[in-house]
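Keep the viewer open as you read.

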Number of protein chains: 2
Amino acid sequence: MDFYEHASQPLLVVISGPSGVGKDATLSRMKEMGYPFHFVVTATTRPKRPGEVHGRDYFFVSVDEFVAMIEKDELLEHALVYDEYKGIPKSQVRQALASGKDVIMRLDVQGAATIRKLVPDAVLIFLVASEKELLGRLQARKTESPASLTKRIATARQEMTRMVDFDYVVVNRDHHLDDTVRQIAAIITAEKCRVEQRRIVL
Amino acid sequence: MDFYEHASQPLLVVISGPSGVGKDATLSRMKEMGYPFHFVVTATTRPKRPGEVHGRDYFFVSVDEFVAMIEKDELLEHALVYDEYKGIPKSQVRQALASGKDVIMRLDVQGAATIRKLVPDAVLIFLVASEKELLGRLQARKTESPASLTKRIATARQEMTRMVDFDYVVVNRDHHLDDTVRQIAAIITAEKCRVEQRRIVL
């Protein structure tokens with residue numbers, strides 16, 4: 001032959017889902033556990049939450065700086081979510097993929113829909129939680145007003161209907177973050193075993 | 001909502017690949033590790049190998065008995081491989097699926113192709129190994145004549161070209177059986193997270 005050597009292409013993995021579902025917690029745990037991905041750092045105009053670090057958790061930028069990035073076409077995608085801008089710096093993703101590394105990023109549901117159009121072969125994972133758990137987590141942040149909570153839950157209900165646009169769904173239960181991470185890791189392992197490989201072109 | 005409860009359907013998983021690639025060893029290890037599958041017991045007319053047990057490893061039947069099963073349409077698929085019959089009892093698979101259990105079976109490459117046609121939503125996994133390792137394993141069986149070895153390697157080369165008909169490929173390296181099993185387990189976990197569920201109809 002000689003027999004098949006499995007040369008898998010680097011993947012572009014998107015972790016998405018409603019606000020409060022645990023996207024940040026999931027990615028932080030994966031980072032702690034040393035998964036060999038490039039973890040994309042998102043640029044955002046929202047205020048830093050306690051414990052967050054500029055350049056590690058997000059690039060915290062001003063609205064003016066964000067608008068400049070849009071104008072220079074430096075963002076893979078960007079969106080206005082809950083009155084704050086969020087966007088993915090393009091160069092960062094290209095560099096990681098070029099070096100053969102899998103790239104993983106968190107995105108709001110509308111951002112994931114944009115990536116699906118731009119990069120059809122991205123692996124889209126939808127995190128879900130029960131409405132009760134979702135509400136509990138948003139309340140625990142203590143940064144949300146009652147009006148903002150109501151808005152986020154209403155949006156989450158709507159976003160749930162978008163699940164059909166995703167490849168995989170993972171239920172992120174309270175106190176079961178390691179199960180969530182284990183399932184995401186399994187999805188990535190399985191994707192690397194696919195006979196028909198995905199092709200990421202940016 | 002209330003939020004999504006992931007009700008995954010039972011899967012029909014086929015482990016296939018060239019002769020000597022390690023299908024039996026892989027399934028035995030999964031069985032030892034207590035995976036909650038129904039492991040299909042294949043009916044065969046080939047002689048028992050040392051250590052094999054009737055009803056556990058295979059149903060060892062005579063050619064007359066096998067032909068009777070074909071005539072009564074009791075086999076999901078059957079094939080003549082290296083001058084011996086092998087077949088999957090239909091009732092066994094139906095009962096397991098009806099009880100909500102995932103079903104896993106080993107099949108030769110031609111058997112897997114038959115299942116793909118009969119059950120398009122089956123999960124087809126192709127095991128591969130290097131030609132050197134494959135030859136080593138066939139020789140270690142000490143049941144193969146030099147002519148039979150040559151025939152099996154030639155067949156394996158041909159079978160490798162059928163990989164495109166499979167969903168996943170897993171490399172089964174010597175002394176890395178646990179990696180093989182871990183990858184198969186990941187594939188099954190990932191399949192259970194798919195938004196678009198497979199539907200197994202027999």
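## Starting inside the sheet

A:Ile15 sits opposite A:Ile125 of strand S8 in chain A. One thing to keep in mind from here on is that this is a predicted model. The two strands around that spot are S1(A), residues 12-16, and S8(A), residues 123-128, and they pair in the parallel sense over four bridges. Helix H4(A), residues 109-118, packs on the sheet and touches both S1(A) and S8(A). The direction of H4(A) makes about 155° with that of S1(A), and since anything over 145 degrees counts as roughly antiparallel, the helix falls in that class relative to the strand.

Zoom out and you get the rest of the sheet. Which order do the strands take? In chain A, five strands line up as S2-S7-S1-S8-S9 in an open sheet, with parallel pairing. S2(A), residues 38-39, and S9(A) are at the edges with a single partner strand each, so one side of each has no neighbour in the sheet.

## Chain A as a whole

Chain A has seven helices and nine strands. Its C-alpha trace spans about 65 × 40 × 30 Å along the principal axes. For the size check, a compact globule of 202 residues would have a radius of gyration near 17 Å, and chain A has 17 Å, so the two agree.

Of the 202 residues in chain A, 35% are buried. If you take the contacts in chain A with a separation of 6 or more, 71% of them are between residues 24 or more positions apart.

## Where the chains meet

How many residues does each chain bring to the contact? Chain A gives 27 residues and chain B gives 27 residues. On the side of chain A that touches chain B, the elements giving two or more residues are helix H6(A) (146-160), strand S9(A) (168-171) and helix H7(A) (177-193).

## A helix crossing in chain B

Over in chain B, look at helix H1(B), residues 23-32, and helix H7(B), residues 177-193: their axes come within 10 Å and cross at roughly 75°. H1(B) and H7(B) are therefore roughly perpendicular to each other. From H1(B), the contact uses B:Ala25, B:Thr26, B:Arg29 and B:Met30, and from H7(B) it uses B:Leu177, B:Thr180, B:Val181 and B:Ile184. That set splits into five nonpolar residues, two polar and one charged.

Notes:
Residues numbered from 1 in each chain as written. Chains lettered and ligands numbered in written order. Predicted model: local features only at pLDDT ≥ 70, side-chain atom pairs only at ≥ 80, totals over all residues. Contact = placed C-beta atoms within 7 Å. Axes fitted to C-alpha atoms, helices over the stretch in contact; angles between N-to-C directions. Parallel < 35°, antiparallel > 145°, perpendicular 65-115°, else oblique. Nonpolar A, V, L, I, M, F, W, Y, C, P; charged D, E, K, R; others polar. Rg over C-alpha atoms; globule rule 2.2 N^0.38 Å. Buried ≥ 20, exposed ≤ 12 C-beta atoms within 10 Å, placed from the backbone. Pairing = 2+ DSSP bridges.
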